[in-house]
Amino acid sequence: MEGKSEMIATWLKKHRLIYTGATRHPFILNIRDGSIDLSSFRRWLAQDYIFVRASVPFVASILLKAWKESDDSSDMDLILSGMAALNDEIAWFKSEASKWGVALHSVVPHKANLDYCRFLESVMSPDIEYAVAITAFWAIEAVYQESFAHCLEDGSRTPEELKETCQRWGNTGFGQFCRSLRNIANRHLEKASDDVLSKAEVILIRVLEHEVEFWNMCSGEI
Ligand SMILES: Cc1ncc(CN)c(N)n1
């Protein structure tokens with residue numbers, strides 16, 4: 001096995017194609033170039049609300065794993081701040097939905113969303129090691145950070161009414177949060193057995209696949 005000190009960088013190089021597929025999906029490129037169909041945006045808003053609610057027990061399970069398995073108490077502080085961010089996110093979705101005329105209580109989850117939520121639930125199992133689960137958490141957050149930050153870069157023509165959404169995940173504070181998660185994941189992967197490393201690599205690929213399917217669903221492609 002090659003050097004274990006920056007496993008995430010090694011895997012991102014190896015799986016660059018799917019990573020780019022998740023972070024530069026047409027749904028995001030259409031926000032960035034201003035051609036997004038607003039019915040796709042509404043679909044995203046409704047479906048992502050369901051996903052964010054399912055993320056709460058997922059992040060809680062990681063908090064529990066950190067408490068049991070981590071040698072560094074600052075891991076818990078970071079994960080707890082991620083929980084607090086989810087609380088804000090849920091409130092934001094509610095107010096954004098009322099702005100866009102989306103009735104959140106009557107949203108039916110699409111298959112890609114159900115599959116992704118089911119996957120989250122599988123990672124909550126106590127059998128899944130902390131290093132594996134934190135790798136999944138990092139990947140889930142990093143895809144949104146990289147995607148929405150791209151919509152705010154110089155040269156983007158993101159519609160004014162979508163800029164707040166892009167800021168939510170594309171801001172530098174969230175970027176720092178993702179870097180800290182990545183550092184924690186790397187630190188635990190460095191000490192992990194080859195068996196755990198293989199599981200973490202597979203989980204990373206699964207997250208990226210689910211993210212692509214999620215964007216496809218929002219674009220109305222499935
Ligand atoms: C599908 C998806 N992936 C990631 C995130 C960022 N928490 C999200 N809100 N939704």
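Predicted model: local features only at pLDDT ≥ 70, side-chain atom pairs only at ≥ 80, totals over all residues.
1. Cysteine 218. The closest cysteine sulfur to that of cysteine 218 belongs to cysteine 117, and the separation is 12 Å, too far for a bond. A disulfide would need the two sulfur atoms within 2.5 Å. Cysteine 218 is also buried, with a relative accessibility of 0%.

2. Cysteine 166. Here the closest cysteine sulfur is that of cysteine 151, at 4.2 Å, which is again too far for a bond. Cysteine 166 has a relative accessible area of 1% and is therefore buried, the limit being under 20%. Over the whole structure, the search for disulfides returns zero.

3. Helix α7 against helix α8. Cysteine 166 is one of the α8 residues that meet α7. The two helices, α7 (residues 130-150) and α8 (residues 163-170), have axes that come within 7 Å and cross at roughly 135°. The pair is therefore oblique. The crossing is left-handed.

4. Residues between α7 and α8. On the α7 side the contact involves Tyr144, Gln145, Phe148 and Ala149, and on the α8 side Thr165, Cys166, Trp169 and Gly170. Sorted by class, this contact has five nonpolar residues, three polar ones and no charged ones.

5. Glutamine 145. This α7 residue is buried, its relative accessible area being 14%. With neighbours within four places in sequence set aside, glutamine 145 is in contact with Trp169 and Gly170, and also with Asn171, Phe174, Gly175 and Cys178. Of these, Trp169 and Gly170 are listed for α8 in its contact with α7.

6. Helix α5 against helix α8. The axis of α5 (residues 74-100) comes within 12 Å of the α8 axis, and the two cross at roughly 170°. Because angles over 145 degrees fall in that class, α5 counts as roughly antiparallel to α8.

7. Residues between α5 and α8. From α5 the contact takes Asp88, Glu89, Trp92, Phe93, Glu96 and Lys99; from α8 it takes Glu164, Thr165, Arg168 and Trp169. By class there are three nonpolar residues, one polar residue and six charged residues in this contact. Thr165 and Trp169 of α8 take part here, and both are also listed in the contact of α8 with α7.

8. The two contacts of α8 in brief. The contact with α7 has no charged residues, whereas the contact with α5 has six. The arrangement is oblique for α7 and roughly antiparallel for α5.

Note on methods: Residues numbered from 1 in each chain as written. Heavy atoms only, no water. Helix = DSSP H or I, 4+ residues; strand = E, 2+ residues; numbered from the N terminus. Buried < 20%, exposed > 50% of the residue type's maximum accessible area, 1.4 Å probe, protein only. Contact = heavy atoms within 4.5 Å. Axes fitted to C-alpha atoms, helices over the stretch in contact; angles between N-to-C directions. Parallel < 35°, antiparallel > 145°, perpendicular 65-115°, else oblique. Left-handed = near helix turned anticlockwise from the far one by under 90°. Nonpolar A, V, L, I, M, F, W, Y, C, P; charged D, E, K, R; others polar.
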